[in-house]
Amino acid sequence: MTSTKGFASAAATVLAGAALCLAAPGTAHADDPCQLGWSNVGPRSCVMNELRTAPVLTVGNGICAGILNVSGTAFDGPLTSPSVAPGATHSIALIVSQGFSPLGNWAPTVLACDVNMVVDWRNLDNGATGSVTRFIPANNTSTYPVQDLVVHTGPGRVQVTFRTDKPNLPQTTEVFVP
(Lines give C-alpha, C1' and ligand atoms only; values in the text may rest on other atoms or scores of the structure.)
Protein backbone atom coordinates (compact mmCIF):
# COMPACT_ATOMS: atom_id res chain seq x y z
CA MET A 1 0.00 0.00 0.00
CA THR A 2 2.90 2.34 0.67
CA SER A 3 4.25 1.91 -2.85
CA THR A 4 0.80 2.71 -4.28
CA LYS A 5 0.61 5.92 -2.24
CA GLY A 6 4.19 6.76 -3.25
CA PHE A 7 3.39 6.21 -6.92
CA ALA A 8 0.18 8.28 -6.67
CA SER A 9 2.07 11.06 -4.89
CA ALA A 10 4.81 11.09 -7.53
CA ALA A 11 2.26 11.10 -10.36
CA ALA A 12 0.37 13.99 -8.74
CA THR A 13 3.63 15.93 -8.37
CA VAL A 14 4.54 15.39 -12.03
CA LEU A 15 1.06 16.46 -13.18
CA ALA A 16 1.11 19.56 -10.97
CA GLY A 17 4.57 20.48 -12.29
CA ALA A 18 3.42 20.03 -15.88
CA ALA A 19 0.35 22.19 -15.23
CA LEU A 20 2.54 24.94 -13.78
CA CYS A 21 4.81 24.83 -16.81
CA LEU A 22 1.83 25.17 -19.13
CA ALA A 23 0.17 27.91 -17.07
CA ALA A 24 3.29 30.00 -16.42
CA PRO A 25 3.65 33.05 -18.65
CA GLY A 26 6.19 32.54 -21.40
CA THR A 27 9.07 34.87 -21.80
CA ALA A 28 9.31 36.97 -24.92
CA HIS A 29 12.09 36.34 -27.40
CA ALA A 30 13.46 39.86 -27.36
CA ASP A 31 17.07 40.82 -26.83
CA ASP A 32 16.86 40.35 -23.08
CA PRO A 33 15.02 38.16 -20.61
CA CYS A 34 11.68 39.57 -19.60
CA GLN A 35 11.07 40.30 -15.94
CA LEU A 36 7.53 41.08 -14.89
CA GLY A 37 6.90 44.07 -12.67
CA TRP A 38 8.54 47.47 -12.71
CA SER A 39 11.56 48.58 -14.65
CA ASN A 40 13.54 51.80 -14.49
CA VAL A 41 10.97 53.43 -16.82
CA GLY A 42 7.70 52.10 -15.41
CA PRO A 43 5.57 48.99 -15.46
CA ARG A 44 6.56 46.18 -17.77
CA SER A 45 4.09 43.65 -19.10
CA CYS A 46 6.46 41.40 -21.10
CA VAL A 47 3.85 41.35 -23.86
CA MET A 48 5.44 40.88 -27.27
CA ASN A 49 3.29 41.19 -30.39
CA GLU A 50 4.52 39.72 -33.66
CA LEU A 51 4.32 41.69 -36.89
CA ARG A 52 4.52 40.27 -40.41
CA THR A 53 3.42 41.65 -43.76
CA ALA A 54 3.09 40.45 -47.30
CA PRO A 55 6.23 41.21 -49.34
CA VAL A 56 6.74 44.76 -50.60
CA LEU A 57 7.20 44.55 -54.37
CA THR A 58 9.53 47.26 -55.65
CA VAL A 59 11.89 48.49 -58.30
CA GLY A 60 15.39 48.85 -56.89
CA ASN A 61 18.32 51.02 -57.84
CA GLY A 62 18.97 50.61 -61.54
CA ILE A 63 16.81 48.22 -63.51
CA CYS A 64 15.99 45.67 -60.84
CA ALA A 65 12.76 44.10 -59.56
CA GLY A 66 12.85 43.31 -55.86
CA ILE A 67 10.96 42.02 -52.86
CA LEU A 68 11.30 43.25 -49.26
CA ASN A 69 10.23 40.84 -46.51
CA VAL A 70 9.39 42.55 -43.23
CA SER A 71 8.63 41.04 -39.84
CA GLY A 72 9.16 42.22 -36.31
CA THR A 73 8.15 42.39 -32.68
CA ALA A 74 6.37 45.15 -30.78
CA PHE A 75 7.58 45.32 -27.17
CA ASP A 76 7.27 47.46 -24.05
CA GLY A 77 10.96 47.35 -23.02
CA PRO A 78 13.33 48.57 -21.89
CA LEU A 79 15.88 46.53 -23.78
CA THR A 80 19.19 45.97 -22.03
CA SER A 81 22.66 46.00 -23.49
CA PRO A 82 23.70 44.32 -25.72
CA SER A 83 20.63 44.69 -27.89
CA VAL A 84 19.47 46.36 -31.07
CA ALA A 85 18.52 49.47 -29.10
CA PRO A 86 19.56 49.53 -25.43
CA GLY A 87 16.96 51.34 -23.33
CA ALA A 88 14.29 51.27 -26.06
CA THR A 89 10.72 51.20 -24.77
CA HIS A 90 7.33 50.90 -26.46
CA SER A 91 8.81 50.29 -29.89
CA ILE A 92 8.88 47.86 -32.81
CA ALA A 93 12.06 45.92 -33.65
CA LEU A 94 12.03 45.02 -37.36
CA ILE A 95 13.78 42.30 -39.34
CA VAL A 96 14.10 43.06 -43.05
CA SER A 97 15.36 40.75 -45.76
CA GLN A 98 15.32 40.81 -49.54
CA GLY A 99 14.26 38.48 -52.27
CA PHE A 100 13.60 34.78 -51.97
CA SER A 101 15.43 31.60 -52.71
CA PRO A 102 13.30 28.90 -54.34
CA LEU A 103 15.48 26.15 -52.82
CA GLY A 104 16.24 27.74 -49.45
CA ASN A 105 19.81 28.47 -48.40
CA TRP A 106 21.13 26.05 -51.05
CA ALA A 107 20.21 28.25 -54.02
CA PRO A 108 20.90 31.86 -54.96
CA THR A 109 18.46 34.55 -53.91
CA VAL A 110 16.45 36.23 -56.65
CA LEU A 111 14.56 39.53 -56.64
CA ALA A 112 17.04 41.34 -54.39
CA CYS A 113 18.02 44.96 -55.15
CA ASP A 114 19.64 47.87 -53.36
CA VAL A 115 16.71 49.94 -52.06
CA ASN A 116 15.83 52.59 -49.51
CA MET A 117 13.03 51.19 -47.35
CA VAL A 118 10.67 53.71 -45.78
CA VAL A 119 8.67 52.88 -42.65
CA ASP A 120 5.77 55.28 -42.08
CA TRP A 121 3.88 54.87 -38.81
CA ARG A 122 0.92 56.44 -37.06
CA ASN A 123 -0.10 55.78 -33.47
CA LEU A 124 -3.89 55.47 -33.67
CA ASP A 125 -4.33 56.07 -29.92
CA ASN A 126 -2.34 59.29 -29.42
CA GLY A 127 -2.01 60.64 -32.99
CA ALA A 128 1.80 60.60 -33.09
CA THR A 129 3.37 59.95 -36.49
CA GLY A 130 6.81 59.32 -37.83
CA SER A 131 8.90 57.95 -40.65
CA VAL A 132 12.19 56.05 -40.78
CA THR A 133 14.26 55.50 -43.93
CA ARG A 134 16.93 52.82 -44.12
CA PHE A 135 19.18 51.67 -46.98
CA ILE A 136 18.80 47.91 -47.46
CA PRO A 137 21.58 46.38 -49.60
CA ALA A 138 20.74 43.51 -51.96
CA ASN A 139 22.93 41.14 -49.95
CA ASN A 140 20.61 41.35 -46.92
CA THR A 141 18.81 38.13 -47.80
CA SER A 142 16.98 35.81 -45.42
CA THR A 143 20.36 34.37 -44.42
CA TYR A 144 21.72 37.81 -43.44
CA PRO A 145 18.71 40.06 -42.68
CA VAL A 146 18.84 43.59 -41.31
CA GLN A 147 18.02 43.17 -37.61
CA ASP A 148 18.87 46.50 -36.01
CA LEU A 149 15.99 48.65 -37.24
CA VAL A 150 13.87 49.94 -34.33
CA VAL A 151 10.85 52.21 -34.76
CA HIS A 152 10.01 54.21 -31.62
CA THR A 153 6.21 54.57 -31.76
CA GLY A 154 5.11 54.78 -28.15
CA PRO A 155 2.42 52.52 -26.68
CA GLY A 156 -0.90 51.87 -28.37
CA ARG A 157 -2.37 50.69 -31.67
CA VAL A 158 0.07 51.56 -34.43
CA GLN A 159 -0.54 51.50 -38.18
CA VAL A 160 2.71 50.80 -40.04
CA THR A 161 3.30 51.13 -43.80
CA PHE A 162 6.38 49.66 -45.47
CA ARG A 163 7.44 51.06 -48.85
CA THR A 164 10.51 52.17 -50.80
CA ASP A 165 11.53 55.46 -52.37
CA LYS A 166 11.19 53.86 -55.84
CA PRO A 167 8.00 52.63 -57.56
CA ASN A 168 6.53 49.96 -55.26
CA LEU A 169 3.44 48.22 -53.93
CA PRO A 170 3.49 49.18 -50.22
CA GLN A 171 2.17 47.00 -47.40
CA THR A 172 0.27 48.32 -44.38
CA THR A 173 -0.49 46.52 -41.15
CA GLU A 174 -1.58 47.34 -37.62
CA VAL A 175 0.07 46.16 -34.41
CA PHE A 176 -0.49 46.86 -30.73
CA VAL A 177 2.66 48.18 -29.05
CA PRO A 178 2.45 47.37 -25.31
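Reader: Which order do the strands of the open sheet of four strands have?

Author: Strands here are DSSP runs (E, at least two residues; helices are H or I, at least four), numbered from the N terminus, and two strands pair if DSSP finds at least two bridges between them. In this predicted model, the order is S8-S7-S10-S12, with antiparallel pairing. Strand S8 (129-136) and S12 stand at the edges with a single partner strand each, so one side of each has no neighbour in the sheet.

Reader: How many bridges join S7 to S10?

Author: Seven bridges join these antiparallel strands. Arginine 122 stands opposite glutamine 159 in S10.

Reader: What should I know about numbering and cut-offs before going on?

Author: Residues are numbered from 1 along each chain as its sequence is written. Local features need pLDDT of at least 70, side-chain atom pairs count only at pLDDT 80 or more, totals for chains, interfaces and linings use all residues, and side-chain values use heavy atoms, with hydrogens and water left out.

Reader: Which residues of the largest nonpolar core touch the most other members?

Author: In soluble globular proteins, nonpolar side chains tend to be buried together. A nonpolar core is a set of buried Ala, Val, Leu, Ile, Met, Phe, Trp, Tyr and Cys residues joined through side-chain atoms within 4.5 Å; buried means under 20% relative accessible area, exposed over 50%, and partly exposed in between (1.4 Å probe, protein chains only). Of the 22 residues in this core, Ile92, Leu94, Met117, Val119, Val160 and Phe162 touch the most other members. Elements giving two or more residues to the core include strand S5 (65-75), strand S7 (115-123) and strand S10 (156-164). S7 provides the largest share, four residues.

Reader: Where is proline 155, and what is it in contact with?

Author: Proline 155 is in the loop between S9 and S10. Contact means heavy atoms within 4.5 Å; leaving aside neighbours within four places in sequence, proline 155 is in contact with His90, Asn123, Asn126, Val177 and Pro178. At 44% relative accessibility, proline 155 counts as partly exposed.
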